[in-house]
Amino acid sequence: MILIAPILGQLRIARNESLCVLLPTIKALSLAHDTSPGPDGITYNMLRHLNTTSLFNLLFLFNRICTEQKYPSQRHEAIVIPILKPGKDSSNPLNCRSIALTSCLSKTLERIVNARLIFELEKQGRISPLQSGFRRIRSTFDNLILLETQTRNAFVRRNHRVSIFFDIEKAYNCTWRYGILLNFGFRRNLPPIFLKNFLSHRTSRVRMKNFYSNNFTQAEGVPQGSILSVTLFIIHLSEILNYLPSYVHRSLYVDDLQISCQGSNMNMIERQLQNPVNKLVAWCDNNGHTISAEKSRCVHFCRKRNIQLDPNIQIQNAPIPVVNEMRTSWGADRTPLLRVYQAVTLSSTDYGCMVYGSARPTVLRRLDTIHHSALRICSGAFRTSPVERLYVVTNYRFI
């Protein structure tokens with residue numbers, strides 16, 4: 001057991017051993033955010049305040065889980081809180097996003113194992129270099145720069161470039177667990193029984209205010225709210241890149257897959273892309289995933305688009321919509337951001353304004369810099385956006 005041995009070596013302790021063995025647990029707790037607790041009600045803040053003896057006992061528990069290859073059944077349960085999507089009908093449960101609250105004790109063990117697992121995966125090159133999701137020193141900018149470079153090269157050669165952005169429906173919930181264990185590739189390092197016990201017998205309860213539903217079993221998919229789930233999912237989905245021809249450029253950010261191809265003849269580009277699209281659909285069918293043709297998008301990059309028809313690429317006889325741009329959104333909306341700014345920052349700067357209101361204009365303009373920067377952040381505007389436009393866009397005077 002090459003991979004798990006360093007973890008077990010850190011977890012095997014005795015009360016008279018050095019406190020250095022507690023460093024993995026202390027680091028795991030320090031990296032954790034103060035999220036809501038799971039069904040057991042134990043929070044990260046409670047774990048951070050444990051004394052040395054209690055931390056040793058916690059580490060001894062983690063050691064038993066790893067050595068005996070048995071995952072406590074209480075750690076398999078999650079509380080699911082549905083959150084309605086903006087502007088959706090509340091009577092349809094499919095219009096809700098689910099937030100799963102799992103045990104903080106379980107996530108602490110997962111974070112320790114995950115740190116060593118990622119180290120071994122990166123060391124042995126098990127994660128594709130085209131996968132940028134949840135990796136150190138990697139971000140969405142890697143994929144954006146790669147796409148921009150390839151598009152610029154196509155423009156220099158006066159070629160067309162067609163990119164397809166795929167949408168995999170409910171990728172986390174539909175992941176084939178046996179496929180994860182089968183293709184994991186670390187049977188000698190990380191025993192499959194550990195992952196099998198971790199993934200098996202997962203149960204959830206839905207909470208609406210103070211009411212709970214009955215327990216239901218999650219037969220497939222990786223557990224939501226889990227630290228290990230992201231790593232296991234990335235390893236599993238990265239296998240999809242191996243089914244693409246070498247002439248197709250591709251990039252992946254967790255489950256956001258993009259493929260592209262360039263050339264001077266649009267008919268040739270269509271044939272070069274339709275073949276890998278069919279292979280991707282076949283791989284998804286064999287692994288329990290579904291690619292949505294309606295939500296996927298196709299972008300045609302070319303300096304002479306008006307004299308060339310847009311590509312016609314299909315997913316199971318359904319054409320992929322061709323759009324002019326791809327947009328992504330993140331964070332809160334403008335209105336809640338402005339309310340937070342008013343409650344936290346603006347309330348502090350306005351305090352005592354009747355006293356410092358008589359200060360020189362050059363001094364008061366220092367506050368304008370903070371105010372305008374906050375409006376740009378809340379509205380997502382550029383740094384060069386005019387101040388007057390910020391007041392109009394944010395409708396600031398009426399909030």
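1. Buried means under 20% relative accessible area, exposed over 50%, and partly exposed in between, with a 1.4 Å probe and protein chains only. By that rule tryptophan 283 is buried, with a relative accessible area of 5%.

2. This is a predicted model, in which local features need pLDDT of at least 70, side-chain atom pairs count only at pLDDT 80 or more, and totals for chains, interfaces and linings use all residues. Residues are numbered from 1 along each chain as its sequence is written, and side-chain values use heavy atoms, without hydrogens and water.

3. A search of the whole structure finds 2 aromatic pairs (Phe, Tyr or six-membered Trp rings with centres within 6.5 Å; planes under 30 degrees apart are stacked, over 60 edge-to-face, the rest tilted). Tyrosine 172 and phenylalanine 233 are stacked, at 4.4 Å centre to centre and 20 degrees between the planes. Tyrosine 172 is partly exposed at 25%, while phenylalanine 233 is buried at 0%.

4. Tyrosine 243 and tryptophan 283 form a tilted pair, with 6.5 Å between centres and 55 degrees between planes. This pair links distant parts of the chain, 40 residues apart: tyrosine 243 is in the loop between α9 and β7 (249-253), tryptophan 283 in helix α10 (residues 266-286). Helices (H or I, at least four residues) and strands (E, at least two) are DSSP runs numbered from the N terminus. Tyrosine 243 is partly exposed at 44%.

5. In helix α2 (residues 23-31), the buried residues are Pro24, Thr25, Ala28 and Leu29. They fall within an arc of 130 degrees seen down the axis of α2, so they line one face of the helix; the arc is taken from the directions from the helix axis to the C-beta atoms.
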